[in-house]
Amino acid sequence: MPDKNIPIDLKKLSFSDSVSYYFDKAAPFTGAPQGLLDQIKTCNSIYKMNFPVKYGNEVRVIEAYRVQHSHHRMPTKGGIRYSMQVDQDEVMALAALMTYKCALVDVPFGGAKGGIKISPRQTSPEILENITRRYTTELVKKNFIGPGIDVPAPDYGTGEREMAWILDTYVTLNPGEINGYGCVTGKPISQNGIHGRTEATGRGVVYALNEICSFKDDMKDIGLETGLEGKRVIVQGLGNVGYHTARIIAKYGAKVIAIAEADGAVYDENGIDIDDLYKYRQEKKSVKGYGKGKVIADSASALELECDILIPAALERQITEKNAPRIKAKIIAEAANGPVTPAAEKILLKKGVMIIPDIFINAGGVTVSYFEWLKNLSHVRFGRMQKRWEEKHQTGFIKLVEELTGKTVPKARIESLIHGADEIDLVNSGLEDTMIEAYRDIREFKKRRKSEIDLRTAAFAVSINKIKNSYYAMGIFP
Ligand code: NAD
């Protein structure tokens with residue numbers, strides 16, 4: 001436990017210390033006893049592994065981790081990251097964020113995270129497959145993976161392909177396990193994945209921002225109009241989360257004026273064509289040379305441009321005490337995990353910036369992963385049992401209305417009214433409901449406090465309270 005009498009130097013906090021700092025800031029608003037707070041905050045299991053992998057004629061030792069932060073709910077859940085930045089502190093921080101995130105959005109999992117210290121862009125698919133399969137085997141050996149134990153998902157540097165390798169390795173090592181498909185989420189549809197998972201985090205960010213921007217008083221406080229229509233947006237990172245966030249927010253009428261990638265940023269005051277830029281980057285492996293708008297070589301400086309909403313969707317610690325004073329956004333939506341450091345947050349809050357915390361705004365991914373896990377355990381696609389029944393029932397209802405009124409409902413209208421819910425409709429509806437409800441909980445909590453607390457503190461407090469209640473229900477703490 002840190003000594004409360006020694007002032008904390010925010011600039012020196014590691015990533016996992018930062019998460020603990022936010023936890024400590026929120027803890028007094030929960031009324032939980034210290035012993036319980038200590039239990040909630042501590043990291044339950046850390047598995048660090050090293051294993052050899054062949055790179056052509058040489059053998060390299062790979063460093064990897066799986067951290068299960070909290071077992072108050074099982075299984076534990078969290079993505080797997082491939083990056084050269086991976087270390088124990090980072091994985092611990094990300095696992096802890098998963099615990100608070102899951103509790104906040106009522107996803108019944110404990111938090112976990114995995115990481116492999118490799119550069120996916122500089123590693124051939126064959127070697128990546130070997131590493132992924134070996135990593136999964138190590139997890140199986142130590143009982144660190146399974147539909148009721150710990151369920152990985154994609155994160156930075158990983159996607160459907162890696163999840164498919166994990167699944168295949170797991171089911172090979174566990175023949176006949178009826179729920180084996182639930183050992184990992186974010187799988188391809190053909191391997192029992194779920195429609196809408198790939199874009200879920202980005203879609204969740206937009207559903208949340210749409211809700212946040214609908215409150216007139218809150219928007220007035222930061223000098224903005226309600227609604228996403230016309231809002232000027234900057235997104236950092238054009239990977240899974242950044243691309244889908246940018247693409248979907250543009251559909252809501254917002255104008256994405258800058259996209260900052262690792263090797264440069266693209267700026268266009270008229271709004272960027274997201275799919276066009278994405279396609280260009282996929283082909284050229286860079287945003288450099290993109291012909292439309294202006295390419296800015298110093299990517300980080302794009303975060304400091306004038307805008308309404310800044311969405312960091314790349315990595316942690318992108319907004320620090322160094323660039324925070326120059327940030328002009330009114331809202332920062334933490335689509336990435338931990339993009340704003342505590343030292344930066346202090347500066348930004350003083351400037352009146354509304355910071356939407358990661359544990360809430362990027363929870364769409366784990367929410368839809370939960371739906372995928374449920375689908376795997378129930379062995380049936382959402383919508384399969386009721387879609388036709390709904391359509392027949394609704395057709396009958398429209399016929400009755402026509403008979404009673406003597407009027408004919410136009411064909412196009414009938415089609416939209418009778419449409420039974422497909423899997424994607426149900427997934428998006430469940431995701432939207434989750435993001436709206438969670439934001440209302442956080443906002444209500446913040447409003448109820450007489451002292452001014454920020455949204456992150458409110459989100460942590462709501463989350464800690466939910467975890468506290470599950471410990472009380474177990475009778476572990478009096
Ligand atoms: P990704 O690997 O698909 O994309 C990340 C992108 O960020 C890449 O295009 C990369 O080139 C870019 N990038 C890296 N450094 C950069 C820099 N300094 N400036 C600008 N761009 C940079 O990863 P992702 O899955 O989109 O994850 C991004 C963030 O979102 C991570 O913090 C992750 O933990 C978080 N997150 C992801 C999910 C998910 O479902 N994938 C869910 C919740 C949170």
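Q: Start with E261. Is E261 buried or exposed?
A: E261 counts as buried, because its relative accessibility is 11%. Buried means under 20% relative accessible area, exposed means over 50%, and partly exposed lies in between, with a 1.4 Å probe and protein chains only. A word on the source: this is a predicted model, in which local features need pLDDT of at least 70 and side-chain atom pairs count only at pLDDT 80 or more, while totals for chains, interfaces and linings use all residues. Residues are numbered from 1 along each chain as its sequence is written, and side-chain values use heavy atoms, with hydrogens and water left out.

Q: What does the side chain of E261 meet in a salt bridge?
A: R281, at 3.2 Å from N to O. A salt bridge here is a side-chain nitrogen of Lys or Arg within 4 Å of a carboxyl oxygen of Asp or Glu. The pair links distant parts of the chain, with E261 in strand 7 (residues 255-261) and R281 in helix 9 (residues 274-284), 20 residues apart. Helices (H or I, at least four residues) and strands (E, at least two) are DSSP runs, numbered from the N terminus. R281 is buried too, with a relative accessible area of 11%.

Q: How many salt bridges does the count come to?
A: 32 by this rule. One of them joins the side chains of E211 and R440 at 2.9 Å, N to O. E211 is in helix 6 (residues 200-212) and R440 in helix 15 (residues 423-448), 229 residues apart.

Q: Which residue does D218 pair with?
A: R443, in a salt bridge of 2.6 Å, N to O. D218 sits in helix 7 (residues 216-221) and R443 in helix 15, 225 residues apart. Both D218 and R443 are buried.

Q: New topic, helix 12. How many of its 15 residues are buried?
A: Twelve of the 15, so helix 12 is largely enclosed by the rest of the structure. The buried ones include Y370, F371, E372 and W373. What covers them includes strand 3 (76-82), helix 3 (88-104), strand 5 (150-154), helix 6 and helix 15.

Q: What about the span of helix 12?
A: Helix 12 (residues 364-378) reaches 21 Å from its first C-alpha to its last, close to the 21 Å expected at 1.5 Å a residue. The expected span is 1.5 Å times one less than the number of residues. Just after the helix, H379 takes a positive phi of about 60°.

Q: And helix 1 with helix 16: at what angle do they cross?
A: The axes of helix 1 (residues 15-26) and helix 16 (residues 455-474) cross at roughly 80° and come within 8 Å. Axes are lines fitted to C-alpha atoms, for helices over the stretch in contact, and angles run from 0 to 180 degrees between N-to-C directions. The two helices are therefore roughly perpendicular, a label for 65 to 115 degrees; under 35 is roughly parallel, over 145 roughly antiparallel, and the rest oblique.

Q: Which residues of helix 1 and helix 16 make the contact?
A: V19, Y22, F23, K25 and A26 of helix 1, and R456, T457, F460, A461 and I464 of helix 16. Contact means heavy atoms within 4.5 Å.
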